[in-house]
Amino acid sequence: MGKYFGTDGFRGEANINLTVEHAFKIGRYLGWHYGKEHKCNVVIGKDTRRSSYMFEYALAAGLTASGADAYLLHVTTTPSVAYVVRTEDFDCGIMISASHNPYGDNGIKLINSKGEKMSESIIADIEAYIDGVIGELPLATGDNIGRTIDYVAGRNRYTGYIISLARNSYKGLKIGLDCSNGSTWMLAKNIFDTLGAETYVIGNQPNGFNINLDCGSTHISNLQKLVKENRLDIGLAFDGDADRCLAVDEKGNVLTGDHIMYFCGKYMKEKDMLAKNTVVTTVMSNFGLYKAFDEAGISYVKTDVGDKYVYEAMQANDYCLGGEESGHIIFSKFASTGDGLITALKIMEVLIESKLPASKLCDGFEMFPQLLVNVRVTDKDAPLNDPDVKAAVSEVEKALGDEGRILFRKSGTEPVIRVMVEAKGEAICEAMANKVVDVMREKGYALN
């Protein structure tokens with residue numbers, strides 16, 4: 001990770017540690033870098049945060065000042081930007097979103113011409129330009145000045161592509177959708193209505209300040225209530241920029257990314273569609289998932305946390321299914337990034353073709369109790385290097401032995417240290433996590 005860019009872009013509090021000046025300079029550098037030998041074309045999307053409009057025009061100003069043309073998709077999903085970039089003649093794409101973060105945060109995600117995350121070398125050069133290490137870049141003049149272009153057509157093509165991936169009609173199915181007051185606030189209902197579903201939608205009234213607020217994949221209780229009260233067949237929850245999807249079965253139980261990888265992996269194995277009989281996971285996946293994969297005869301790979309690392313492992317080894325417990329699932333035959341809408345369609349495919357209720361899709365998978373504590377900090381590195389904190393982590397590791405585990409890591413997207421404990425009981429998880437968190441508080445690292 002660089003100085004500004006983490007595992008999922010440049011993220012921070014809008015106009016505090018991610019400013020319009022940063023956005024302008026990112027646009028300036030990208031427009032100059034890709035425009036050295038030809039007219040540069042860049043596509044930009046954004047989510048529903050109030051600050052996304054500000055960053056959209058700052059990026060566009062930087063791009064056009066360097067001579068690039070900026071194509072505006074307006075409010076759309078991160079995966080749609082990746083799709084448009086890789087299927088049309090664009091040099092790169094930019095998504096303005098802080099994904100599942102609160103509305104006050106925002107982020108700038110950079111996507112290369114293949115629809116994948118931007119290379120580290122270009123990101124390093126952008127950071128050097130932001131910090132003044134690279135000198136000032138030439139401004140375009142005269143006929144070379146760029147322009148902005150309304151490009152809703154690109155978003156519409158993406159919608160058509162998503163609909164084309166559905167293998168079944170959803171007629172007769174009652175489906176709940178939680179759009180997180182984010183990028184899918186209109187898109188998801190349009191797609192599921194077109195496919196014949198009877199849709200029940202929440203989280204579809206964005207006002208610039210309520211993205212992810214008590215809704216979406218990170219706050220799923222309202223969708224659980226919706227599913228149970230209306231006796232729906234299934235509920236689907238997206239995050240703010242719709243690169244994630246979680247589900248709720250007809251009984252109101254949450255189906256995490258691990259559940260989704262399990263039943264999709266089993267289904268794909270049965271249909272001879274699971275490349276090399278392998279699913280790519282991260283170290284955050286539940287112990288229970290691996291036990292269930294062992295029982296099903298499915299191999300697995302573990303990567304560091306971050307969809308970037310999942311995708312790299314998939315690309316390097318020609319795997320076709322991978323993802324994270326958070327619901328960031330990659331079906332590489334259809335997309336170069338996690339796509340919540342594609343994940344939703346794949347969930348529906350398994351549900352319909354298995355002829356089972358959603359609550360039966362995960363038979364054979366028993367989750368280990370897991371507790372994740374997010375500790376907000378001012379310095380993410382200090383606790384990781386503190387001898388007392390490290391000693392507390394070691395103590396927990398020894399106490400758990402072979403009957404659990406602890407993961408102690410910094411977030412790549414937020415000023416947060418994540419303490420995750422898995423064990424045979426919830427009380428054990430809580431006690432072990434508190435051992436570490438208490439030491440962090442005693443040492444003055446924790447802000448919450």
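The second largest cavity here has a volume of about 50 Å³. This is a predicted model, where local features need pLDDT of at least 70, side-chain atom pairs count only at pLDDT 80 or more, and totals for chains, interfaces and linings use all residues. Residues are numbered from 1 along each chain as its sequence is written, and side-chain values use heavy atoms, with hydrogens and water left out.

**Cavities**

- A cavity is a set of points on a 1 Å grid over the protein atoms alone where a 1.4 Å probe fits but cannot get out, and lining residues have an atom within 4 Å of a point.
- Volume is the space filled by probe spheres set on the points, which are joined across faces, edges and corners.
- The second largest cavity has Tyr158, Tyr161 and Phe334 among its lining residues.
- H3 gives the most to that lining, with four residues.
- The largest cavity comes in at about 220 Å³; of its 21 lining residues, Thr7, Asp8, Leu110, Lys117 and Met118 are the closest to its centre.
- S6 is the top contributor to the lining of the largest cavity, with three residues.

**Positive phi in loops**

- Helices (H or I, at least four residues) and strands (E, at least two) are DSSP runs, numbered from the N terminus.
- Asn212 has phi near 65° and sits in the loop between strand S9 (198-202) and helix H7 (221-229).
- Asp272, also not a glycine, has a positive phi of about 60° and lies between helix H8 (257-270) and strand S13 (278-282).
- Asn212 is buried at 4% relative accessibility, while Asp272 is exposed at 73% (buried is under 20% relative accessible area, exposed over 50%, with a 1.4 Å probe and protein chains only).

How values were computed:
1 Å grid on protein atoms, 1.4 Å probe; cavity = no way out; pocket = protein on both sides within 12 Å on 5 of 7 lines; lining within 4 Å.
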